[in-house]
Amino acid sequence: LIKMASINIKSLNKFYGKTHVIKDFSLEIKDQSFTTLVGPSGCGKSTLLRMIAGLEEVNSGTISINDKQVNDLSPKDRNIAMVFQSYALYPHMTVFDNMAFGLKLEKKSNEEINERVLDAAKTLQIQDYLKRKPKQLSGGQRQRVAIGRAIVRNPKVFLFDEPLSNLDANLRVKMRMEIANLKRKLKTTMVYVTHDQVEAMTLADKIVVLRNGCIEQVGTPLELYHHPCNKFVAGFIGLPKINFFEAFVTKLARQEINIELPSKKIVSVPIGSSENFKTIHIGSKILVGIRSEHIKTTRPEDADFIGRVNVVEHLGSETYLYASGSRGVTLLVRVEGDNPLEVGDAVYLSFDKSRFHLFFDKVKLLVE
């Protein structure tokens, strides 16, 4: 039996004393979707998750699950399961007892408890550890137990609060795959908080980018990657980080704009429609964003940027070059793994102008 669970948050506000942490926040989360909340530390993502769970009081606004307002319901009555960053396992209990604890409180029969715990343990491949104590488990196994404890309750909504941040890099990749598989198997609504945007990009149907308690942008991972609404989102989504540099408008036309790059070269950039376009003029300063994969090494006569290699990072299949040029601009460029350039070498780069992100006054001005 699949339990339906859409979440509707309207005009939510949260204060800690005089500090306004969540500011007039509204969001609709569809049933069976995987929504990831991302943003820098202190942006309010974990507070928001705890408010959905009922662990934090709401100062104003409403939270509804399946059109039923839950503001005044206690956490146990919301049919929500939460997985914490710290695992929060009882050290004196076995894995089985940790996973069964919530079901025992609900006065389920021993037969049902055994069945649910064994099913969850098989799903997470921890059936061989049911008699062990948490201290006898690795970090990844403990996190599986914490997820298993949530699964057995058969909740309408799963809430994950940075569940992988305590794991080493290899385990994080493995657990990411397991959570993605879990998402397909369980078909429940999941809300996932992380500061790691690789987790967000690989797991989410929708990403909500937060800053200072407000939504900056909501979209699919690729929408946010290719069409960020402002400089903050462009800089937050994508690894390695996007390159930014300033340029000047030299000519305006209906379908394109000419800009002067830091190298003094003037290039034509295709544009889409924008109301803000009316506010710029010849001589306006704009911010250009371009991702490392949209920059190529080229011949000196074709270069949009001339610089010198500062740092070379060899990663095997690819190499990252950090190149500094005029006006103090440093660019990060992704090249082939066997690229021969070394520190101190001159480097000539060309840009894919159709991949430029242009920002004016901190807002996305033009659409490619």
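A residue is called buried when its relative accessible area is under 20%, exposed when over 50%, and partly exposed in between, using a 1.4 Å probe and protein chains only. By that definition Ser-292, with a relative accessible area of 1%, is buried. The model examined here is predicted, so local features need pLDDT of at least 70 and side-chain atom pairs count only at pLDDT 80 or more, while totals for chains, interfaces and linings use all residues. Residues are numbered from 1 along each chain as its sequence is written, and side-chain values use heavy atoms, with hydrogens and water left out.

Not counting residues up to four places away in sequence, Ser-292 touches Pro-240, Asn-243, Tyr-320, Leu-332, Val-333 and Arg-334, where contact means heavy atoms within 4.5 Å.

Asn-258, found in strand E12 (residues 256–260), is also buried, with a relative accessible area of 16%. Its C-alpha atom is separated by 6.1 Å from that of Val-269, 11 residues apart along the chain. With residues up to four places away in sequence left out, the contacts of Asn-258 include Phe-248, Val-249 and Thr-250, as well as Ile-266, Val-267 and Ser-268.

Attention now turns to the helices. Helix H4 (residues 139–151) has 13 residues and reaches 18 Å from its first C-alpha to its last, close to the expected 18 Å; the expected span is 1.5 Å times one less than the number of residues. Because 11 of its 13 residues are buried, H4 is largely enclosed by the rest of the structure. Among the buried residues are Gln-141, Arg-144, Ile-147 and Arg-149. The buried residues of H4 pack against strand E6 (80–83), helix H2 (95–105), helix H3 (110–123), strand E7 (157–161) and helix H5 (169–186).

For H3, the 14 residues should span 20 Å, and the end C-alpha atoms are 20 Å apart, which agrees. Ile-113, Arg-116, Val-117, Ala-120 and Ala-121 are buried in this helix. Seen down the axis of H3, these residues fall within an arc of 130°, so they line one face of the helix; the arc is that of the directions from the helix axis to the C-beta atoms. An α-helix has 3.6 residues a turn, so residues three or four places apart point the same way. On the other side of H3, Glu-111 and Lys-122 are exposed. The buried residues of H3 pack against H2 and H4. Just after H3, Gln-125 takes a positive phi of about 55°.

A nonpolar core is a set of buried Ala, Val, Leu, Ile, Met, Phe, Trp, Tyr and Cys residues joined through side-chain atoms within 4.5 Å. The largest such core has 47 residues, and those with the most contacts inside it are Met-99, Val-117, Ile-147, Val-209 and Ile-237. A second, separate core of 29 residues includes Ile-257, Leu-261, Val-269 and Phe-351. Val-117 touches Phe-96, Met-99, Ala-100, Leu-130 and Val-152, not counting residues up to four places away in sequence.

Technical notes: Helix = DSSP H or I, 4+ residues; strand = E, 2+ residues; numbered from the N terminus.
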